[in-house]
Amino acid sequence: MAKKNADAPKYSKETYKYWYESMQLQRKFEEKCGQLYGMQKIKGFCHLYIGQEACSSGSKSALIEGDKYITAYRDHGIPLALGTSPNAIMAELYGKITGASKGKGGSMHIFDKEVGFVGGHGIVGAQIPMGAGLAFAEKYKKTGNVSITYFGDGATRQGALHEAFNMAMLWKLPAIFVVENNGYAMGTSVERTSNVTELYKIGEAYDMPSEPVDAMNVEAVHEAVSRAAARARAGEGPTFLEFRTYRYRGHSMSDPQKYRSKEEVEAYKDRDPIEQVKHTILEHNILTQAELDEIDAKIKVLVQESVDFAETSPFPDKSEAYKDVYVEENYPFIEE
């Protein structure tokens, strides 16, 4: 009996099923985006989340409805994990009016207020003080909700981070700050850009509880975010988490990836977050291989449906250029 308890899965069947389905949807959606970009169906910048799926899915399972999420421009995976329709995201990548941002934001600026996703942001590090502001609003309104702010390792060198960290600690904001450290700020390694290579230690300068997290493991992500959220909801202030993760593709679709070896990429693929959770599911008989195959088949249909939806959706009318710019509908300085 003792051995059986020791070997029991740590979480419920529903949680493991969510993790597998959520991460697999992100993976297959992003792989399709890569194909479509090569076909010039998707234009402009495009930053894929392949390899980093545990960051989003593990965070979502640890948080609750009403919490707010904000990130940088590698922003397809998080809204998918939160439940945003793949149709709306794909249509946005196509620049169509049915997209999540009405075709005006493209790959880097997905938003979905309904699921608490306050967007992808293109200016490096700009979302960090905005995430602190979201937390300030939740504290001011006494909602009990938290904000979680994601940014890349390159953004830890932005001055805005330090200003936000200082204020968040001073005001004990219900904030979780997450650096998704995939090792490279665009094409430059952390070792070449920062004297502090264990990035979580930056938070310690502000007496902010900080820790590294194996973000190739969705369980570890879930547990770290759960601890941080509990502190925030108890009024104890922010936490800084260093998600040690990895992107299998380049910084963007235009990145030839000459700054890292194929051996390094393959070594991280051996720790793939989807394969890890799949192994746990099968080892503990949480789901059968047939049930996993059924999930995979459903995801394949969903992704293809999103492509069909984007292909058949119309582009925005030119009049849309003047909409959603100013809160005041009759703003007097717009010239037709």
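User: Is Cys 33 buried or exposed, and at what relative accessible area?

Analyst: The model is predicted, so local features need pLDDT of at least 70 and side-chain atom pairs count only at pLDDT 80 or more, while totals for chains, interfaces and linings use all residues. Residues are numbered from 1 along each chain as its sequence is written, and side-chain values use heavy atoms, leaving out hydrogens and water. Buried means under 20% relative accessible area, exposed over 50%, and partly exposed in between, with a 1.4 Å probe and protein chains only. Cys 33 is buried, and its relative accessible area is 0%.

User: How far is the sulfur of Cys 33 from the closest cysteine sulfur?

Analyst: A disulfide needs two cysteine sulfur atoms within 2.5 Å. The closest sulfur to that of Cys 33 belongs to Cys 46, too far for a bond. Cys 46 is in no disulfide either, with Cys 33 as its nearest cysteine by sulfur. The distance is 5.6 Å.

User: Which relative accessibility does Cys 46 have, and how many disulfides does the structure hold?

Analyst: Cys 46 counts as buried, at 1% relative accessibility. As for disulfides in the structure, the number is zero.

User: Which helix holds Met 90?

Analyst: Helices (H or I, at least four residues) and strands (E, at least two) are DSSP runs numbered from the N terminus. Met 90 counts as buried, at 0% relative accessibility. Contact means heavy atoms within 4.5 Å, and the residues that Met 90 touches include Phe 29, Cys 33, Leu 36 and Val 307, not counting those up to four places away in sequence. The run spanning residues 86-93 holds Met 90, and that is helix α5.

User: How far apart in space are Met 90 and His 76?

Analyst: In sequence, 14 residues separate Met 90 and His 76. In space, C-alpha to C-alpha, the separation is 9.1 Å.

User: What is the strand order of the open sheet?

Analyst: Two strands pair if DSSP finds at least two bridges between them. Six strands form this open sheet with parallel pairing, in the order β2-β1-β3-β4-β8-β7.

User: Which strands stand at its edges, and why is one side of each left without a neighbour?

Analyst: Each edge strand has a single partner, so one of its sides has no neighbour in the sheet. Neighbouring strands are turned by 15° against each other on average, direction ignored. The edge strands are β2 (117-120) and β7 (210-214).

User: How many bridges join β3 to β4?

Analyst: β3 is mostly covered, with five of its six residues buried. On one side, three bridges join it to β1 in parallel, with Lys 68 partnering Ser 147. Ser 147 also has Ala 175 in β4 as a bridge partner. β3 and β4 run parallel, and the bridges number six.

User: Which residue of β8 stands opposite Glu 211?

Analyst: β7 and β8 (residues 239-244) pair in the parallel sense over five bridges. Glu 211 faces Leu 241.

User: At what angle does α6 run to β3?

Analyst: Axes are lines fitted to C-alpha atoms, for helices over the stretch in contact, and angles run from 0 to 180 degrees between N-to-C directions. Helix α6 (residues 127-140) lies across β1 (68-71), β2, β3 (147-152) and β4 (175-181). Its angle to β3 is about 175°.

User: Which side chain makes a polar contact with that of Asn 145?

Analyst: Asn 145 sits in the loop between α6 and β3 and is buried at 13% relative accessible area. A polar contact is a pair of N or O atoms within 3.5 Å; within protein, one must be able to donate a hydrogen and the other to accept it, and sequence-adjacent residues count only if both atoms are side-chain atoms. At 3.5 Å, the partner is the side chain of Asp 67.

User: What is the phi of Lys 142?

Analyst: Most residues other than glycine have a negative phi. Lys 142 lies in the loop between α6 and β3 and counts as exposed at 75% relative accessibility. It is not a glycine, yet its phi is positive, about 55°.

User: And what is the phi of Lys 172?

Analyst: Lys 172 is in the loop between α7 (159-170) and β4. It counts as partly exposed, at 36% relative accessibility. Its phi is also positive without it being a glycine, at about 50°.
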